[in-house]
Amino acid sequence: MMPSQDGLSTIGDNLLQPPDQARGSTRNRQRQSSPARKLGMTRRQKDKRDFKENENPEEKEKRHKEQELKPLYKELLYTIIHKLGKPASAEVFTDNQLHQYIREAFSMAEDEHQSLTERVQNTEPPVYCLMATVKEAKGILGKDISGFSDPYCLLTILEDEKESKTRRSRSKPRKAVVKDAVSDEEVYTTETKKQTLNPIWNQTFVLEFEETDGASFHMEMWDRDEEVSLAQKLEEIRTNFHGLRRMIKDAKKLKGQDDFLGNIVLRLKDLHCTEDNWYVLEPRTETYPDRGQCHLQLKFTHKERDGTLSAGRSAYVNYCGILQQFVQSHISRQQGSGLWKGDLCGEGQTLLELYATQNDLSPFLQDLAKWVAYSKLYQSLEVDSSLLLQQLTSIEYHWHQQELPYQQKQELGDSLHGFLQYGLCLVAKYRDIFPPTQDANPRLHTLLRILSQICKTRAFQKLNPAQFDLHDEVNDAVHSGTQEWFSIKKGLHQPMTKDMTETVSALSRLIGEVQEDIKHNKDSWNRVFVSAVQVDVFTIVYQKLDSLLAGEVRDTLNQLEGKMEQSLANGLFPLYLSLQAIHKDKAFLQKSVKLLELTNFHEGFREALPYWLNKAFSTTQDRVERAVQVDQLQPLQSGMVPIKHSSSAVDLVACVQPICQLWEQLSWPDPEEAFMLMVKLTEDVCKIVVNYCRILKERVRELSENSDHSSAVNKLCVVVNDLEHLRSVLTRLPQQLNWAALRERTRHVIGDPQFHNVLPSQLQHAQGVLSREIRSALETVGRKLNSDIETYVRSMSTRRRLPSKSTEDAVVPLMKYLEKELQYMNENLVQENFNSLLTPLWTNSIRTLYQVATQQKQEGGLMVFCQRLQYTLQCLEQCFYAEGNGLPLETLHTDDYKTLKSHLTHNSLNCQQLIEKFLDRKVWEQKVYSGEKYGAVTLIASYRRSDLRLRVEVLNAANLLPMDSNGSSDPFVQLCLEPRHVFPEVEPRTTQIKNCDLNPLFDEAFEFMVSVEQCQAAGACLVVTVLDYDTLRTDDFEGEAFLALRAVPGVGGGPGHQPDPSPAQIRLPLTHPKPNDDSILKLLESRRGEREAQVFVKKRRQREKQSQEEKQ
């Protein structure tokens, strides 16, 4: 329970305190001589003359009950006995229920209740009154000639017997009841409002009565008529002709007789304690049923209540005491159900309403009493703070509507001032009272809003004219509270001994407390303060703690100067991290904040920095060695997602990671020192990696000593995977250490050459070591594979085995071996290392095949031998490509591969296929040949499918070389269809000889009977040879040209009948072959046992001899 503040104690409070405290709470209400009354000044002093310190608690409680509670109890009994009207609540309570409620609320025994009830019943009853306020009316009838009325009201209370007697005494029915029913003293009349249909009175009358049963409230509204002169009436008629009808009606009534406007009759027993409604004005006849409405406020009150019940205390003081007693009783019964939100049970609300109404307590006084009671109860943290906001709003509203008595004004001023003082005390201790939780933050926010609302109210500004700045007061409270909180925490974390390690540990714990407090202020409390009172509590607290903490850190580091050792440095590291985290929070401060004292806090930790780096390196190195010692060099996981490296590789990455985290944790501010720090960390990582390679090699030797070959290869594969995994980790090291950001920070102090020469070189050296170790291990694994592949290839190509097996069967052993070994390697090596193994393996396989192929002598059986090697090459290519999962095609198709494939392809063909390939190449050379160095020949060629005729017209030749001594030539053209095995029966055709003409015109046509299939055969072409005729010696060679028969119109297309095409004119440049330059001819020449090959080679060699290419 929080102690109550003097400024909140009121006369009503004293009724709930023991008698000695009640008397001791009497204060001298003295105004300050100065107009400024600052917060915290004691507004009233306690009088402790009657305070009995040694009084027995039982006696104190008994005296309190007799002097304070029983007078209030009698007031409530008196209220129940003489209650008037219905309560506002929908539920109606009997007298017994109300008696039972107050007995429980005041803890009265049965005999005490009976005794007090008898005493109250013997007291003088009050005078029953109905306080009626006529507010206004609207829409009443216009009875005057002008269309308006001069309304006034008559009010009284009539008993049923008096009303009926009045009616019987009249000779005829009349509209009026109030008039002549009672004496003039019992009738209350309002003012007359001139010429209006919406009169406003705001007049209050107190009507006394004896009983509510059989009594009614009567209000009649009349239009007052006064005598006017004839001239005035004529003027009214002239200006308002419609008034003539009214004038005639006036003439019929008695002189000076008022007009009835309507009445309201309410039975008293049907009324509530207070009524505030618009009532319809009822007619006496049906002439004008709609007569408007009248606004009435009615309230039952007492006059001349027995003053002996509460020893003459005022009704307001009694109301305060009753309210507090009811609230305390309600809260005590609701223990554990949370904060009280202002709701009382129905009996309590009914009794409060009856008492306030009977004693005519204004809503302002009732709200004032509630504010005083609730603000005092808030100090025990039993009341929801939002309830106080509601009461402040009500007080502010009433302050503009009603004037308070002087005594209540003073009480209100004291209460508001006292609550401000109490609230600021809570603000100073907000850390303890309002922890940063979802439940406490709303309560703190509401408290601050209450303080802000108090300062904004006109009541506070009027009753406390001093200049009071809530923003400054909250700042001061937070400052003082932070200072006190830090002092308490510092005392709690004092070192138990003078040992420096204990001193560092104590400071670290204190900084941890400060760090947590700053975090709570930033994340939780600051939003509350800014939202409620526009105070940046985070900035205030941060600056204060920054100053306090800086002094503590300086003192401790000064004591450690020159005494640094590893244990002390280890203790300083968490301290440094906490200070760094605190310093980073400065980003959330206001921009206008002055320089902080912890800005360069890192300078005090330079002496400990080498110890931190050494600790990180040695710890990581030890962990790596232990990881390798327990590593069995087995893949971590197999299956759908295999992990092919061993446990030590994973452990190494985990061990190196703290070094990278150390860089982030340090965040060293000085750029140049940060660069040197990065160099040291990178060097340490590279040292750990190189050392890991060394001890991993030792580990694999140790485990492979007594194991078989396959097991050793398996472990070697795991080692290769470990190194590859580590190389990928090193590749990511610049990103992990954020070299790019460091480059930007150090750009103005360290040049690019120095930066890039130092850091990347360290990394490249470590990666070079890893690459060499990986290559060495892969060479060891691949050496055995290369040897086995060469054995299989040579065994497969042995000459004596050529007839024994087909080509496919001969390759099966090699492919089975490769499939088994490569599958094993693929399962045990990561993809990068597997590809690294495949590349040299493929290169060596190509080299082996080429060596075997070229070592075979050019003799019989070479074609079958090369066919087998060519099939082997195809199988190897498919194996190493593995449908895109192995080596890419650009890696497979090297220059050596292309050379080998060409060699095997040619040697695998028979002589006819070679001739066809030779002719196809000549046709291709003809297409790409440009220029007419040796002249050109023009032809018209076409093929008619209708009669299977190939027609060739030799039109002319141009630009031929002079072959005779006279500078001219005697040219003729020879046409020959090649190859001969396709056109065996087609003889060559020759044109006429054109003497002494280098541009002869032949214009001769030739037809060849050949089929479409022959023209579309492989290598089918027309060989056009231009010769110079010599009589005594061999004809000279002018040049040759090759025309593919597929290019002749009519040959292309599918089978079936096609229309004869139009002939195409073709100009073919003449060419000369290059001597001894064709590999196909060499291959054909080697096949001496085949006559067709030898004839073809002889002819081509003759042309080469006649060629002038060698002479150019």
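Visitor: What share of contacts in the protein chain, between residues at least 6 apart in sequence, join residues at least 24 apart?
Guide: 78% of them. Contact here means heavy atoms within 4.5 Å.

Visitor: What kind of model is this, and which residues count?
Guide: This is a predicted model: local features need pLDDT of at least 70, side-chain atom pairs count only at pLDDT 80 or more, and totals for chains, interfaces and linings use all residues. Residues are numbered from 1 along each chain as its sequence is written, and side-chain values use heavy atoms, with hydrogens and water left out.

Visitor: How many helices and strands are there in the protein chain?
Guide: 36 helices and 16 strands. Both are DSSP runs, numbered from the N terminus: helices are H or I with at least four residues, strands are E with at least two.

Visitor: How much of the protein chain counts as buried?
Guide: 49% of its 1112 residues. Buried means under 20% relative accessible area, exposed means over 50%, and partly exposed lies in between, with a 1.4 Å probe and protein chains only.

Visitor: Let's do sheets. In what order do the 4 strands of the open sheet run?
Guide: The order is 4-1-8-7, with antiparallel pairing. Two strands pair if DSSP finds at least two bridges between them.

Visitor: Which strands stand at the edges?
Guide: Strand 4 (200-209) and strand 7 (274-280). Each has a single partner strand, so one side of each is left without a neighbour in the sheet.

Visitor: How are neighbouring strands turned against each other?
Guide: By 20° on average, direction ignored. Axes are lines fitted to C-alpha atoms, for helices over the stretch in contact; angles run from 0 to 180 degrees between N-to-C directions.

Visitor: How many bridges join strand 1 to strand 4?
Guide: 8 bridges, with strand 1 covering residues 127-138. In one of the pairs, C129 has E208 of strand 4 as its bridge partner.

Visitor: Which helix packs on the sheet?
Guide: Helix 10 (residues 346-358). Helix 10 touches strand 7 and strand 8 (293-303), and its direction makes about 90° with that of strand 8.

Visitor: How far does helix 10 reach?
Guide: 18 Å from its first C-alpha to its last, close to the 18 Å expected. The expected span is 1.5 Å times one less than the number of residues. Just after helix 10, D360 takes a positive phi of about 50°.

Visitor: New topic. How many residues has the largest nonpolar core?
Guide: 212 residues, and F326, W371 and F529 have the most contacts inside it. A nonpolar core is a set of buried Ala, Val, Leu, Ile, Met, Phe, Trp, Tyr and Cys residues joined through side-chain atoms within 4.5 Å. Helix 23 (residues 671-704) supplies the largest share of this core, 16 residues.

Visitor: Which residues does the second, separate core include?
Guide: L950, V973, F1002 and L1045 are included, in a core of 34 residues.

Visitor: Where is the cis peptide bond?
Guide: Between E978 and P979, with omega about 0°. P979 lies in the loop between strand 11 (971-978) and strand 12 (989-990).

Visitor: And what is the phi of L948?
Guide: Near 55°, a positive value in a residue other than glycine. L948 sits in the loop between strand 9 (936-944) and strand 10 (949-958), and is partly exposed at 37%.
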